[in-house]
Amino acid sequence: MEPAGQKDEPFGAKERRPVKCPSQENPYLFTYRNSNYPPRLQKSQAKFEVRDGTEIRCPDKDPSDTIPTSVHRLKLADIKVIGALGDSLTAGNGAGSKPGNVLDVFTQYRGLSWSAGGDQNLSSVTTLPNILREFNPSLKGFSVGTGRENSPGAFLNQAVAGARAEDLPVQARRLVDLMKNYEDINFQEDWKIITLFIGGNDLCNVCKDPVRYSPQKFVDNIGKALDILHAEVPRAFVNLVKILEIISLRELYQEKNVSCPRLVLRKLCPCVLKFDDNSTELASLIKVNKKYQEGTHQLVESGRYDTREDFTVVVQPFFENVVMPKTPEGLPDSSFFAPDCFHFSSKAHARAAQALWNNMLEPVGQKTRRHRFEDKINITCPDQVRPFLSTYKNAVQGHGSQLLCSDRAPSASPPTSVHTLRPADIQVVAALGDSLTAGNGIGSKPNDLSDVTTQYRGLSYSSGGDGYLENVTTLPNILRKFNGNLTGYAVGTGNASDTNAFLNQAVPGTKAKELSSQVQTLIQKMKDDHRVNFHEDWKVITVLIGGSDLCDYCTDSNLYSAANFFDHLRNALDILHREVPRALVNLVDFMSPRVMRRVFLGNPDKCPVQQASILCNCVLTPRESSQELARLEAVTRAYQSSMRELVESGRYDTREDFSVVLQPFFYNIQLPILADGRPDVSFFAPDCLHPNQKFHSQLSRALWVNMLEPLGKKTDTLDLMAAIPLPCPAQNEPFLRTPRNSNYTYPTKPSIENWGSDFLCEEWNPSNSVPTSVHELRPADIKVVAALGDSLTTAVGARPSNSSDLSTAWRGLSWSIGGDGDLGTHTTLPNILKKFNPKIFGFSAGTREETAGLNAAVGGARARDMPAQARDLMERMKNSPEINLQKDWKLITLFIGSNDLCHYCENPEAHSASEYVRHIQQALGIFYEELPRAFINVVEVMELAGLHQGQGGKCVIPLAAQNNCTCLRGSQENSLEMLQELKTVNWDFQSRLSRLSYQYLQREDFAVVVQPFFQNTLVPLNDRGGADLTFFSEDCFHFSERGHAEMAIALWNNMLEPVGQKTTSNNFTYSRTKLKCPSPGRPYICTLRNSRLLQDRAKADPPMLSWAVPVAAGGGLAVGVGTVMAWRALRGRQRENPPISLNTVSL
């Protein structure tokens, strides 16, 4: 009834005014035109220097057909009342102040407040109420104009300037009373939105009183306010806005090119601004800030405020990672701040309103956590299919599940055995792995490729705890239906180091070798956190690893070999087994590379195919039917086999309270195929590699199903389109299944038919022209192989003998020179080289002397015999028509010393280390003077003393008495003393031999390289901890064919390892894929020069290899371990068997 520009100011709730009537001259409802109102609000323009309005064009602005009774079905137009609690940022201090007018910051421009202001309309002032008024023009409760919280215009904006969290309960009480007493509010029926934002003043003063402003008290005080609202306010949706990262204020304060009243600013917020950048006080503030954020999230995630259908609290995190807005020049943009450079200007209030609005519509778990204030205001519309405010119970529709189990009780008393563990007994959940477990891209929107870097841990299949089972299916959400006090799960997004990640310690990009580090971190977190009773609580730990290894396999097939994968996984599980009580470990298979390829390459218009080499090079770039792809699939199978082998070894079933169970549901993935024949990418994140929320939901269901299925009957296929109901534990056996409670016996390992190897190398070719330098020698350039040594090189006893004569020399199986069969059946150095050059010459065959080839080794030989063997070998090569002595490259392996050690005690001087090395030098000198184009392997002598004991009387009496190893023939009382002395001499042999490589450097076509794989090798052990006799012949001294295969693998791998970085021990784990490959970066057999050690040689005299110094420590360890083993063997024999002869054969 009043003309525009002459309308009365708002009046108080209790004030009564007469109802006006239309006048004779003005019978119309007043509009701007018929009021003769000046265009563009000239009158108010003086007050609002910067207009931050916007518009919203949503197709559906209607309320629900009937007033909803559930907050989870609340449309925007259903909101009738709006209120706010907080401090000066909600009161609007300085929001309308002119630049430079610092004193005006005391004015509280409540009508401009982002969460509660209602000045003008959305076209000129962007606030949450003004946006909501586009949906419901009858909205009540917003504040207008200026004034304190008790002014008439404040209405339900009850924020108080200077308030701290401890003041919130009083504000909440006053807000409730106002709503109850205001006539135009139907307190019981009207739906209300209340926004709570607090914490800035707490952080600004925390250094003054850390106890008063501690994170725990901060959260407790917010909880008290929310408790009041929860207890008394019907039909309410509460926004709990996370405190911003206040540290960004320092950037504005420190920038000298921005005009700010720094004394005022420092007075307003001393704890943020007065300390140096690297001070402990500032670090402490950042930590407290983070704990404030995490604490509020945990408060709400607890479900404490979701006990009523008409009330909820939702965390809105858009302030969580706020970044200082910048000008085009890169300076902090002070236009977003009031004149004090602390409070928000109307411009910032408008952006905050937009961010809050958009957060309210974004699903829980997918909310924006970093808002860019510089961006243009963009108001989103509600989803037309799900047009409701997002809550924890309606957040991710279609991804929830129902659990219809009537019996959800725990065991009558806490179980002591993992084999009687019920779901409700689980108190802690944890996870280890790579980006799949970290949750990369789970909640990313389609086409938002950059967001795949976001780790949506709260949605992760094995450890996420966002929402509830009804809307987010994860293993923790399933387990929470059995135990509401479950802990350890992750919520929200962030890195493994963030507090909300909790016990999800998966790290994107993690390879198997880094898994042990994750395990250590996890164990420490469980020990340190007060929510976990480390020794008493039952834990489920889910491990998934391997995908990242396969993505990089082709870059270094040695580093990512199946054998290394096995070792790394075993090391990680060993730590868990050794250190974690009361734990069930789920070991989950990884996604097949074939699946990744089909989705990624089958949708070039939807997947970032240009980035294939960056995302997962070795899986996505090989061509179909290529050798590279065949090798990838072979190593994938080897990875999977090694996982099964590790679990089925029974290694982790030795404790009553611990078990590792392989859950195979990921083994076969059935992809949905669209009508056009392409794989459905709707199950994947925008990178087409990581599973999205829909996929993770299916993974969670499949994992749960696997956990309840007995071993031997577990599902190993996952159909992504299948409806997978969540089963309940069986009534007669309500336990999580283990081998024992499944009455499952691990399958007997299939007998190994041979000791061959699979070769997965890509670099096969020789040099483009025959190299003239030994430092550029590729494996395929080798034309001739030869060997010197003793019976370990003639391969005595490599196969069982059918007679009492154990001295048969199986030269064709010899590790360094044998050529029987091929690599698929017999692993020897020549058979490996045949893969590169099928015409290689010189290898031994069979057992006869005439087929010995260039194997000049002689049984019983010592170092003193090496010069004679060298001359013999030279004659054979010179006389062979098959060898071009001048042009052919030759590879010679020399291995000697065992017999020198065996007879050392007879004449220590004649068998001293100096004599040992002198004889070898003489032999090498012959080659150096007479043999062109030669690469000489000198293999360090093995640790002999640990091999001399027979095991349990299983070894037959050795050969003739005259060949006894006299140093080990003494009485048992003298054995330990002699063992110790032999170990010392043994190490001296190795140490002096290690320097030989530096003595033959003058010729470009000749190199001697010491291969140290025997340096720290101990006796291989079987599953029971005893010596594994399958590596030895019947005499327990010589090597069996299996032992020769292991020696060949170790020698070959040593040859490809740079000097100074060579492996000094042997890995006796059986695998057909342990052979390393030359790489494009290292295609040559390694020498001193191409290992880049000669520069160091020029600076240091005498020479010392990088591993020579720690050898003493390693040798000492070997001596100690060897002594303990020998003592254990002696003690065990005294108890079980009468003493047997310690006579031994000559090697």
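Let's start with a pair of helices in this predicted model. Helix α17 (residues 593-601) and helix α18 (residues 612-620) pack with their axes 10 Å apart, at an angle of about 130°. That makes α17 and α18 oblique to each other. On the α17 side, the contact is made by Pro593, Met596, Arg597, Phe600 and Leu601, and these meet Ala612, Leu615, Cys616, Val619 and Leu620 of α18. By class, the residues of this contact divide into 9 nonpolar, no polar and 1 charged.

Now to the strands β5 to β8. These 4 strands form an open sheet with parallel pairing, in the order β5-β6-β7-β8. Each of the edge strands, β5 (426-433) and β8 (658-663), has a single partner strand, so one side of each is left without a neighbour in the sheet. On average, neighbouring strands here are turned by 20° against each other, direction ignored.

Looking at one pairing in detail, strand β7 (residues 583-588) runs parallel to β8, and 6 bridges join the two. Within this pairing, Val585 stands opposite Val660 of β8. Helix α16 lies across β5, β6 (538-544), β7 and β8, and runs at about 165° to β7. Helix α19 (residues 627-648) also packs on the sheet, where it touches β7 and β8; its direction makes about 150° with that of β8.

Spanning residues 562-579, α16 has 18 residues and reaches 26 Å from its first C-alpha to its last, close to the 26 Å expected at 1.5 Å a residue. This helix is mostly covered, with 13 of its 18 residues buried.

Let's turn to the strands β1 to β4. Here 4 strands in the order β1-β2-β3-β4 form an open sheet, and the pairing is parallel. The edge strands β1 (79-86) and β4 (311-316) each pair on one side only. Neighbouring strands of this sheet are turned by 20° against each other on average, again with direction ignored.

β1 pairs with strand β2 (residues 191-197) in the parallel sense over 7 bridges. In that pairing, Ile82 has Ile193 of β2 as its bridge partner. Helix α4 (residues 168-181) packs on this sheet and touches β1 and β2, with its direction at about 155° to that of β1.

| Helix | Strands in contact | Angle |
|---|---|---|
| α4 | β1 and β2 | about 155° with β1 |
| α19 | β7 and β8 | about 150° with β8 |

Notes:
Residues are numbered from 1 along each chain as its sequence is written. This is a predicted model: local features need pLDDT of at least 70, side-chain atom pairs count only at pLDDT 80 or more; totals for chains, interfaces and linings use all residues. Side-chain values use heavy atoms; hydrogens and water are left out. The expected span of a helix is 1.5 Å times one less than its number of residues. Buried means under 20% relative accessible area, exposed over 50%, partly exposed in between (1.4 Å probe, protein chains only). Two strands pair if DSSP finds at least two bridges between them. Axes are lines fitted to C-alpha atoms, for helices over the stretch in contact, and angles run from 0 to 180 degrees between N-to-C directions. Contact means heavy atoms within 4.5 Å. Angles under 35 degrees count as roughly parallel, over 145 as roughly antiparallel, 65 to 115 as roughly perpendicular and the rest as oblique. Ala, Val, Leu, Ile, Met, Phe, Trp, Tyr, Cys and Pro count as nonpolar, Asp, Glu, Lys and Arg as charged, and the others, Gly among them, as polar.
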